Amino acid sequence: MREEVDGLTAQIRKLETKSQTLVEMRLEEKIAKEDYDKKYSAIEAELKDLRDQRNEKYEALQGEKSISTRINYFRKAFDHEIQMDEFDRDILESLVDKVVVGAMDEEGNPNPYALTFVFKAGVKFTKEFYEKIANKSDKMEIENLSTYATDDKQLAYTYAPNKAGGGWGMRMLSANGAGAIENNTAYDHEYRVNTDVITSVRIYASDDITPDNRHVSEAAYNNPVKNTATVTISTNGYSKSTEIVMPSGSSQLVWLKWRTPSTSQDVTVHVSVTGNSAARIDGTSRNATLTCRVVDLGLNPPPNPTVIDRNDGFRVPNLPVKAEKTSAHWGIYSSTWIPKWVWHPKWEWESDWDWVSTEDGGYWEDNGSWVDNGKWKDEGSWQFDYTSYTASLTGQMRLTPDSKVPTAQNSTMKSGYGVNINISTTPHTNAPSSHVTSAQNAISYFPEFAYETYWRKLQLMGYGQFQFEENKYSTYRNRVHFTPIWYPDETYRVYTEIIDMWTPDGMLRINLNDDVTIRGDLYQDWHIGPK
């Protein structure tokens with residue numbers, strides 16, 4: 001059964017990719033609208049059929065799986081580091097109560113990459129069982145497991161890889177993999193100041209959520225009442241109430257698009273669900289509070305370089321290794337009533353009395369007949385449709401010697417002079433503008449600071465276009481970054497993170513880099529001449 005679900009998932013992925021490609025071809029006008037509409041409709045129809053099949057198979061699979069089978073599956077994944085190409089949220093949530101980020105290793109050193117999975121109660125585990133699963137070379141020892149672990153309540157299993165990147169979820173690592181997890185445990189989200197963002201929650205349905213309740217009974221059909229759920233998200237003066245419908249056992253994202261304040265601060269997002277009681281935030285709650293951190297990235301620009309600066313021990317560092325998210329997928333359910341008129345017979349005798357005369361008088365005779373006094377009843381049902389949306393982000397970066405460099409030749413220049421940056425980003429989506437934002441922020445890091453310590457927040461020059469801000473140390477107020485005079489004859493490579501293209505499925509971000517070649521220094525352009 002699992003193989004059938006995986007096979008259907010693989011087919012769905014291929015069709016979703018095909019659908020995205022078709023959308024991009026239409027956006028780039030490589031395909032006529034008539035051909036696009038025909039092919040897109042065919043793909044969506046096939047996708048709906050495959051998703052229905054997968055949902056049916058998955059429900060059957062869930063009924064067959066025991067808790068021990070699921071634990072063995074996760075244990076195998078942890079023990080052998082099986083690569084999971086697609087996050088299986090339903091399976092994870094059926095087992096895991098919480099995930100704790102960070103742990104101490106055997107020598108008492110903090111390991112920020114350790115993830116402790118605290119499993120839900122329901123099975124009693126012995127100390128021997130803990131020792132069997134915990135005492136691995138890349139796992140924490142039993143005494144270092146989360147304090148949530150108790151023999152008779154919950155199992156805590158810590159996964160502590162020794163390398164940066166990858167793993168469960170997406171990390172925003174600092175330079176050279178030495179830094180932090182993207183989602184700080186103190187905050188649900190981190191945003192930048194003066195930025196359009198999208199905060200979303202996932203709503204699960206334990207029963208059909210429909211426009212009205214006409215399907216419940218004949219009385220309800222004749223006098224239906226609203227049967228939707230309403231999700232209200234509010235923060236920072238923004239609020240949106242979204243009415244939703246969806247089939248039992250499904251989920252969808254609901255979101256608020258809003259703009260962050262102009263100063264660094266903590267912001268609280270309030271979420272509530274009203275109406276149909278089958279709708280729950282993350283399948284558990286009708287109310288939630290999210291704590292968001294708003295930061296200002298423009299407060300740490302590099303200092304002014306001077307001609308007497310030195311750094312004799314400098315070695316060109318490696319580029320940072322940071323996670324990217326270049327595509328997003330989400331969708332919205334809608335519902336339509338599909339009538340099914342069924343005749344309900346009601347046979348009744350209708351009398352037709354006639355007087356029959358005889359020689360001795362007469363009698364009444366009923367010459368009636370059976371008549372069907374039934375009626376038509378609508379035994380239809382709600383049909384759910386799912387509209388899929390996708391978004392992706394691409395970009396290009398170009399680093400060039402500044403126009404004021406007198407001896408630059410193409411991309412080769414002397415140290416001490418400035419460089420310019422030009423970045424263009426292109427979002428692709430089939431969603432309405434209310435679902436997405438463009439890329440709004442870019443941050444550049446430099447090799448002389450080991451791609452950390454200092455950075456430049458780029459200025460948005462137009463839709464998806466970024467350059468350096470005007471440099472206050474530039475005589476001409478150019479949009480320039482000055483290379484240090486001491487930089488060796490090497491490749492000078494600038495690394496830039498393009499962030500804050502928001503979708504209901506999270507933030508899209510890409511990492512770009514480009515370089516110039518340093519040969520000599522600006523002292524070589526000086527000469528002594530007669531007065």
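User: What counts as a polar contact here?
Analyst: A pair of N or O atoms within 3.5 Å. Within protein, one atom must be able to donate a hydrogen and the other to accept it; residues adjacent in sequence count only if both atoms are side-chain atoms.

User: And the ground rules?
Analyst: This is a predicted model: local features need pLDDT of at least 70, side-chain atom pairs count only at pLDDT 80 or more, and totals for chains, interfaces and linings use all residues. Residues are numbered from 1 along each chain as its sequence is written, and side-chain values use heavy atoms, leaving out hydrogens and water.

User: OK, asparagine 511. Which strand is it in?
Analyst: Strand 28. Strands are DSSP runs of E with at least two residues, helices are runs of H or I with at least four, and both are numbered from the N terminus.

User: What lies 3.1 Å from its side chain?
Analyst: The backbone oxygen of lysine 322, which sits at that distance from a polar atom of the asparagine 511 side chain.

User: Is asparagine 511 buried or exposed?
Analyst: Buried, at 15% relative accessibility. Buried means under 20% relative accessible area, exposed means over 50%, and partly exposed is in between (1.4 Å probe, protein chains only).

User: What else does asparagine 511 touch?
Analyst: Leaving out residues up to four places away in sequence, it touches Lys322, Ala323, Glu324, Tyr495, Thr496 and Glu497. Contact means heavy atoms within 4.5 Å.

User: How about asparagine 213, where is that?
Analyst: In the loop between strand 5 (196–205) and helix 6. Asparagine 213 is buried, at 16% relative accessible area. Its side chain reaches the backbone nitrogen of valine 225 at 2.9 Å. Beyond four places in sequence, its contacts are Ala220, Pro224, Val225 and Asn227.

User: How do strand 20 and strand 28 run, parallel or antiparallel?
Analyst: Parallel, joined by three bridges. Methionine 413 has isoleucine 518 in strand 28 as its bridge partner.

User: Now charges. How many salt bridges?
Analyst: The rule is a side-chain nitrogen of Lys or Arg within 4 Å of a carboxyl oxygen of Asp or Glu. By that rule there are 15.

User: What does arginine 192 meet?
Analyst: Aspartate 500, at 2.7 Å from N to O. Arginine 192 is in strand 4 and aspartate 500 is in strand 27 (residues 491–503), 308 residues apart. Arginine 192 and aspartate 500 are buried. Shared partners join Glu190, Arg192, Arg293 and Asp500 into one salt-bridge network.

User: What about lysine 226, buried or exposed?
Analyst: Exposed, at 61% relative accessible area. Lysine 226 forms a salt bridge with glutamate 243, with the closest N and O atoms 3.0 Å apart. Lysine 226 is in the loop between helix 6 (218–222) and strand 6, and glutamate 243 is in strand 7, so the pair ties together parts 17 residues apart in sequence. Glutamate 243 is partly exposed, at 46%.

User: Last one, confidence. What is the chain's mean pLDDT?
Analyst: It is 81, and 74% of residues reach 70 or more. pLDDT is the predictor's confidence in each residue, from 0 to 100.

User: Where does pLDDT stay under 50?
Analyst: Residues 65–70 are one such stretch, with eight contacts beyond four places in sequence in the model. Residues 121–184 are also below 50, and that stretch has 153 contacts beyond near neighbours in sequence.

Key
Two strands pair if DSSP finds at least two bridges between them.
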